[in-house]
Amino acid sequence: APVQPGTPADTCPPGINPLYWNDSYTSTTTIVWEWSASSGSYSGIAGYYVCVSTIPAGADILNDYYVQCTSFVYYTAQHGYTYYMKVKSRSNTGAYSAYSANSNGVMVDITQPQVIGITDLGRFINETQKTGFTFNLLFTDTESGITGYKYCIGKSTNTGEFVAQWVTKPSTSTAVIETENLTNNLQTTGDTVYVTAYCRNGVGI
């Protein structure tokens, strides 16, 4: 009798594709990872096993958590921690892929950066100093760093009569020096000058 064709055994493990997370920081406690569907298995893909950790290649938070889609949402990330994720796939016949490479670390930063200091020429300035009114700005953000700042100068805080509201500049420095010419603004002896500054961190806060 002729030999009937059988169903080929699927013992070939599926492949796994890279993870997608484009940012190094997030301003929320929810992190979403995505990946492309696995391939290379005759029987198809049954699902995926997810590991989440605060250590590269670790699994201290989730160890082989099973999902049947190509994304995973972690809802309870904590401020100040960096999270990593890796994933492996399983075919319908039970063959496993290797783990993917780790995702890049995602730092959670949900707090505002701080302006920790504004210093200028002192309590009084003379006629010459009006042409080069210099002030120092000091910022801090230990999680995602500084990406920019803005300032204004006026007769009271938060106003820009002297220097338009607001001068915005990109910067990753935590200490900057600015100089403005106030000759046309300080016409009256006794005018008081106020500098107001804000900074922006790596997650846009």
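Colleague: How many of the 205 residues of the protein count as buried, as a percentage?

Modeller: In this predicted model, 36% of the 205 residues count as buried.

Colleague: What does the secondary structure come to, in helices and strands?

Modeller: There are 0 helices and 14 strands. Read from the N terminus, the elements run β-β-β-β-β-β-β-β-β-β-β-β-β-β.

Colleague: What share of the contacts join residues at least 24 apart?

Modeller: The figure is 65%, taken among contacts between residues at least 6 apart in sequence.

Colleague: Let's go inside. Which residues touch the most other members in the largest nonpolar core?

Modeller: That core has 17 residues, and Leu137, Tyr151 and Ile153 are the ones that touch the most other members. At least two residues of this core come from each of S10, S11, strand S12 (163–170) and strand S14 (194–201).

Colleague: What does the second core include?

Modeller: The second core is separate and has 15 residues, among them Trp33, Val50, Val52 and Val67.

Colleague: New topic, aromatic rings. How many aromatic pairs does the structure hold?

Modeller: It holds 8 aromatic pairs. One of them joins Tyr74 and Tyr83, with 5.7 Å centre to centre and 45° between the planes.

Colleague: Why is that one called tilted?

Modeller: Planes under 30 degrees apart count as stacked and over 60 as edge-to-face, so the angle of 45° falls in the remaining class.

Colleague: Are those two tyrosines buried or exposed?

Modeller: Tyr74 is buried, with a relative accessible area of 13%. Tyr83 is buried too, at 2%.

Colleague: What sort of pair do Phe135 and Tyr151 form?

Modeller: Phe135 and Tyr151 form an edge-to-face pair, with 5.2 Å from centre to centre and 75° between the planes. Phe135 belongs to strand S10 (residues 133–140) and Tyr151 to strand S11 (residues 146–154), so the pair ties together parts that are 16 residues apart in sequence. Both Phe135 and Tyr151 are buried.

Colleague: Which residues form one aromatic cluster?

Modeller: Tyr49, Tyr66 and Tyr96 do.

Colleague: What lies over the face of Tyr49?

Modeller: Lys88 does, at 5.9 Å from the ring centre. There is also a lysine at Tyr99: the charged end of Lys86 sits over that ring, 4.4 Å from its centre.

Colleague: Back to Lys88. Which residue does Lys88 form a salt bridge with?

Modeller: Its partner is Asp64, and the closest N and O atoms are 3.8 Å apart. The bridge links distant parts of the chain, as Lys88 is in strand S7 (residues 82–91) and Asp64 in strand S5 (residues 62–67), 24 residues apart.

Colleague: Does Lys88 count as buried or exposed?

Modeller: Lys88 counts as buried, at 15% relative accessibility. Asp64 is partly exposed, with a relative accessible area of 27%.

Colleague: How many salt bridges does the count come to?

Modeller: The count comes to 2 salt bridges. Glu178 and Lys169 also meet in one, at 2.9 Å from N to O. Glu178 is buried, with a relative accessible area of 7%, whereas Lys169 is partly exposed at 29%.

Colleague: Now the backbone. What is phi of Asp64 near?

Modeller: Phi of Asp64 is near 55°, a positive value in a residue other than glycine. Ala57 is not a glycine either, and its phi is positive, about 70°.

Colleague: Where is Ala57 found?

Modeller: Ala57 is in the loop between strand S4 (45–53) and S5. At 46% relative accessibility, Ala57 counts as partly exposed.

Colleague: Last one. Where is Gly105 found?

Modeller: Gly105 is in the loop between S7 and strand S8 (106–108). Gly105 is buried, with a relative accessible area of 19%, and the cut-off for buried is under 20%. Gly105 and Thr82 are 23 residues apart in sequence, but 5.6 Å apart in space, C-alpha to C-alpha.

Conventions
Residues are numbered from 1 along each chain as its sequence is written. This is a predicted model: local features need pLDDT of at least 70, side-chain atom pairs count only at pLDDT 80 or more; totals for chains, interfaces and linings use all residues. Side-chain values use heavy atoms; hydrogens and water are left out. Rings of Phe, Tyr and Trp (its six-membered ring) pair if their centres lie within 6.5 Å; planes under 30 degrees apart count as stacked, over 60 as edge-to-face and the rest as tilted. Buried means under 20% relative accessible area, exposed over 50%, partly exposed in between (1.4 Å probe, protein chains only). Helices (H or I, at least four residues) and strands (E, at least two) are DSSP runs, numbered from the N terminus. A charge sits over a ring if NZ of Lys or CZ of Arg is within 6 Å of the ring centre and within 35 degrees of the ring normal. Contact means heavy atoms within 4.5 Å. A nonpolar core is a set of buried Ala, Val, Leu, Ile, Met, Phe, Trp, Tyr and Cys residues joined through side-chain atoms within 4.5 Å. A salt bridge is a side-chain nitrogen of Lys or Arg within 4 Å of a carboxyl oxygen of Asp or Glu.
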